[in-house]
Each structure stands twice: as structure tokens, then as C-alpha cells.
Amino acid sequence: FNPNRSLPMVMVAVEKNLYFLHSGTGNAEEEQRVEDIFTASSEDTSRERLSIEWEFTSEASESCSSVAIIRRKRSRLCMRLKKSLKSLCWHEKGDYFSTVSPENSSRSVLVHRLSNQQSQAPFGKSKGFVQKVMFHHTKKIFFVATKRFVRIYNLEKQELIKKLQCPAHFISSMSLHRSGDHVIVGSYDKRLSWFDLDLSDKPYRTLKYHDRAIRSVAFHNSYPLFASGSDDGSLHIFHGMVYNDLMKDPLIVPVKIIKA
């Protein structure tokens with residue numbers, strides 16, 4: 001879902017295709033705003049260079065309908081990439097988003113702007129097999145997770161700020177705290193690492209509660225909670241309090257285990 005509530009739309013990845021759909025959750029004015037974005041034309045020259053195609057459809061056409069749910073929801077805009085997509089992420093304001101295609105080694109990470117259908121490759125070459133990417137909530141900062149490291153870049157200055165050294169052998173997921181100063185990283189070797197970005201490039205705390213690979217981690221948007229989901233069929237919920245006092249360490253307490 002688009003994080004901007006005034007743009008009620010959904011982004012869905014199916015192999016090499018990326019579909020944009022009306023979510024049907026907005027009022028008439030919001031739905032029209034989304035439709036205007038979908039139908040906007042662009043003369044962006046980066047498409048051909050990056051091997052990207054954008055297609056607007058009045059209804060879900062045969063060339064732009066890979067699964068039944070896409071057809072039912074009337075895909076209005078479709079973007080095709082050169083290689084299969086592994087992950088997506090929205091920027092907080094809902095206009096920019098990023099795609100990860102690890103097989104396209106030279107341009108595995110791309111940043112796109114929806115309103116004018118423009119795309120760019122922020123890195124000339126990826127340093128490692130990219131797993132996940134993430135935008136900072138408020139700053140022009142971009143997180144790129146490979147198998148062993150999380151690199152943090154300043155998009156405005158186009159420079160590397162910090163490289164987080166994760167004790168894991170294969171990163172699977174990451175999430176940014178709403179304060180913007182703390183990151184949790186999950187891995188396929190059962191570890192969850194909490195990083196304090198102001199403190200060190202090494203984990204403040206490493207947790208190992210799951211019996212199998214961690215697939216996903218997430219901070220709650222408003223409550224002092226975070227969660228991890230694993231192949232062992234369980235969700236682990238933690239209380240994670242971040243204090244305004246910079247001299248006080250975050251408090252991490254296990255709260256509940258939800259088993260499938």
C-alpha cells in the first residue's frame with residue numbers, strides 16, 4: 001500500500017512486472033488524483049537506457065495481466081523491468097519507490113518517481129548481492145542491505161555514510177524505527193540484530209529466539225513494539241522502547257509468541 005493516505009493505491013510485483021492498482025479505499029477526489037498519476041505521460045529518456053517500459057491500460061489487458069487478482073482490481077499502470085523483482089519499498093511521501101532485481105548485477109537497485117514515470121540507477125555497480133533497500137522516513141538517506149552488510153547512503157551528496165556490520169551470514173529483512181536512529185535486521189541464520197545508528201556500526205543487541213530462518217522484521221508505526229517472523233511458524237513480539245534521553249539505552253523485552 002502507498003504510505004501516503006491521500007494516494008489510495010497498491011503496488012504489486014509479479015516476476016518482471018510491476019502493477020499499480022486502485023485500492024478502492026479513497027474518496028472520489030483521492031481516486032481521481034490517483035487516476036491522474038496513472039494517466040500522466042512522460043518523455044523520460046532513461047527508460048530505454050535502463051530497459052524499462054511503462055504502459056497505461058484502460059482495463060487490464062492481456063499483455064498486462066499475470067494473475068487473476070490483477071485483472072479483478074483493474075491494473076491501470078504497468079512497469080516492466082529487465083530482470084525479475086525480489087523486493088519493493090515506498091518512500092514515506094508516496095511518490096518515489098525503489099525496486100531490487102539482484103540478477104541485474106550492474107543495475108540491481110533502481111529508484112523511480114511515479115508522478116512523472118522517471119527512473120534512475122543511483123549506483124554504478126552494486127557492492128554485493130542486494131537483498132533489501134529502504135528509504136529514511138524524513139532524511140535523504142537510503143539503506144541497502146546485502147548478504148553481510150547494510151550500507152547507508154546520503155542520496156543528496158551521493159556518498160556512503162556508514163556500513164553496518166551484521167553478525168549474520170545472510171540478511172533477509174530490515175526495518176527502521178520511527179525515530180530514524182535505530183534499525184533492526186533479520187537474517188536467515190536465525191538472528192535479529194538491533195543497531196543504534198548514533199552509537200556504532202556494530203549491533204547494540206543481537207537476539208536469537210527463533211529455531212529457523214527469520215523472513216521478516218518490522219517496527220510498529222506508533223507503539224514501542226517490533227516483531228520478527230520465521231520459518232519455524234512463529235511471530236515473536238517484543239517491547240522496544242527508545243528514550244528521548246540519548247544517555248539511556250533502548251529497552252528490549254520479549255512480550256509474546258504467536259504460533260501458526
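## About the model

Because this is a predicted model, local features need pLDDT of at least 70 and side-chain atom pairs count only at pLDDT 80 or more, while totals for chains, interfaces and linings use all residues. Residues are numbered from 1 along each chain as its sequence is written, and side-chain values use heavy atoms, with hydrogens and water left out.

## Overall make-up

The protein has 260 residues, and 47% of them count as buried (under 20% relative accessible area, with exposed over 50% and partly exposed in between; 1.4 Å probe, protein chains only). You will find three helices and 20 strands; these are DSSP runs numbered from the N terminus, with helices being H or I of at least four residues and strands E of at least two.

Take the contacts (heavy atoms within 4.5 Å) between residues at least 6 apart in sequence: 42% of them join residues at least 24 apart. The accessible surface comes to about 13,900 Å², and carbon and sulfur atoms hold 48% of that (Shrake-Rupley method, 1.4 Å probe; for residues, only the protein chains shown count as cover).

Pockets and cavities are both found on a 1 Å grid over the protein atoms alone: a pocket is an open set of points with protein on both sides within 12 Å along at least five of seven lines, a cavity is a set where a 1.4 Å probe fits but cannot get out, and lining residues have an atom within 4 Å of a point. Grid points are joined across faces, edges and corners, and a volume is the space filled by probe spheres set on the points.

The largest pocket holds about 1,000 Å³ of space. Its lining has 28 residues, with Trp90, Met134, His137, Ser175 and Asn221 nearest the centre. Strands S5 (87-90), S9 (132-135), S13 (171-176) and S17 (214-219) each give two or more residues to this lining. By class, the lining has 14 nonpolar, 10 polar and four charged residues (Ala, Val, Leu, Ile, Met, Phe, Trp, Tyr, Cys and Pro count as nonpolar, Asp, Glu, Lys and Arg as charged, and the others, Gly among them, as polar). The second largest pocket has a volume of about 550 Å³, and of its 21 lining residues, Tyr96, Phe135, Lys140, Leu155 and Glu156 lie nearest the centre.

## Enclosed cavities

There are two cavities of 30 Å³ or more. The largest cavity holds about 50 Å³, and its lining includes Leu50, Ile52, Arg107 and Leu110. That lining divides into four nonpolar, two polar and three charged residues. The second largest cavity has a volume of about 30 Å³; Lys190, Tyr209, His210 and Phe238 are among the residues that line this cavity.

## Residues to look at

Arginine 80 sits in strand S4 (residues 75-80). With a relative accessible area of 18%, arginine 80 is buried. Its side chain makes a polar contact of 2.9 Å with the side chain of glutamate 55 (a pair of N or O atoms within 3.5 Å; within protein, one must be able to donate a hydrogen and the other to accept it, and residues adjacent in sequence count only if both atoms are side-chain atoms).

Glutamate 15 lies in the loop between strands S1 (9-14) and S2 (17-22). Its phi is near 55 degrees, a positive value in a residue other than glycine, and glutamate 15 is exposed at 62% relative accessible area. Lysine 190, in the loop between strands S14 (182-187) and S15 (192-196), has a positive phi near 75 degrees. At 31% relative accessibility, lysine 190 is partly exposed.
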